[in-house]
Amino acid sequence: MARITQLLDAGQTLSFEFSAPRDEAGAERLRQTLARLSLHQPQFMSVTYGAGGTTRGPTRDWVHTIREDFDIEAMPHLTCVAHTRDDVAGIIDDYRSDGIENILALRGDLPQTAESANQAFDTAAELVSFIQERADWDIGVAAHPEGHPMARSREADLTHQAAKLANADFALTQFFYRAEYYEQFVGQLLARGVDTPVIPGVMPPTNVAGIERMSALNNTEFPSEIRERLESANSAAERREIGVDVAVNLGRELLELGAPGLHVYTMNFSRAASEVASALGWPAT
């Protein structure tokens with residue numbers, strides 16, 4: 001298996017993101033999704049980590065499945081919210097024993113059922129430093145081209161993000177729908193002396209309610225022209241076609257801007273993600 005920085009050095013990458021399912025029906029769907037998307041020969045796949053570690057076990061299991069059954073590099077997400085230093089150290093040690101060399105370090109969101117956070121780290125930057133002390137890994141972080149929803153100001157947010165990315169090996173962005181947001185963000189990082197590779201995240205918009213909800217949570221614009229196209233669709237199939245078209249056009253713009261790759265958010269479904277990958281030059285083989 002390879003480190004993500006090595007994969008990026010070799011050329012523009014394709015990667016997919018999945019969530020660890022919570023039941024057998026979801027697990028079977030994910031197996032089918034992995035089988036289909038693995039045909040595109042992505043450079044890596046990532047598996048999310050639930051709020052407060054709610055999918056800690058399944059995340060590790062699915063990372064193992066991707067690496068062993070599909071021979072594709074898999075990167076676990078790791079959040080530090082609601083975890084002690086010993087909790088995080090144990091997770092790192094487990095992944096070291098599995099031969100993991102790539103990880104995405106995130107602050108994460110507190111579980112809705114929790115009243116307070118019992119945690120040793122307040123920021124992803126602190127988690128990155130802790131991981132670096134314990135493992136020789138490639139460490140990725142999250143980036144927010146439109147600004148973090150909890151930021152005090154745009155300038156404070158850029159200062160924080162630049163410092164975080166400067167100490168990481170690469171970054172994956174939150175989804176967005178205008179290429180200029182990515183271009184501006186990377187330019188602002190460069191102006192602060194940060195040239196860490198930033199891989200843009202692309203999510204085919206196929207569900208108005210879902211995109212509205214996630215956009216509100218993540219401070220992401222849901223452009224009215226995309227919303228109107230989706231609302232005028234007469235079927236789920238037509239909405240998927242629109243979502244794929246939006247993602248393909250955005251992806252093409254980002255690659256032309258020199259993005260080091262594309263990270264496709266799949267929501268554990270394969271068809272739209274597969275169509276996007278094929279249209280952008282990564283056909284299934």
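What follows is a short chat about the terms used for this structure.

Modeller: Heads-up: this is a predicted model, where local features need pLDDT of at least 70, side-chain atom pairs count only at pLDDT 80 or more, and totals for chains, interfaces and linings use all residues. Residues are numbered from 1 along each chain as its sequence is written, and side-chain values use heavy atoms, with hydrogens and water left out.

Biologist: What makes β1 and β2 a pair?

Modeller: Two strands pair if DSSP finds at least two bridges between them. Four bridges join β1 (residues 13–18) to β2 (residues 44–47), so they pass that rule. They run parallel, and Ser 15 stands opposite Phe 44 in β2.

Biologist: Which strands make up the closed barrel?

Modeller: Eight strands, running β1-β2-β3-β4-β5-β6-β7-β8 with parallel pairing. The twist averages 25° from one strand to the next; axes are lines fitted to C-alpha atoms (for helices over the stretch in contact), and angles run from 0 to 180 degrees between N-to-C directions.

Biologist: How many helices and strands does the protein have?

Modeller: 11 helices and eight strands, taken as DSSP runs numbered from the N terminus: helices are H or I, at least four residues, and strands are E, at least two.

Biologist: Why does the radius of gyration agree with a compact globule?

Modeller: Because 285 residues would give near 19 Å, and the protein has 18 Å. The radius is taken over C-alpha atoms, and the rule is 2.2 Å times the number of residues to the power 0.38.

Biologist: How much of the protein counts as buried?

Modeller: 52% of the 285 residues. Buried means under 20% relative accessible area, exposed over 50%, partly exposed in between (1.4 Å probe, protein chains only).
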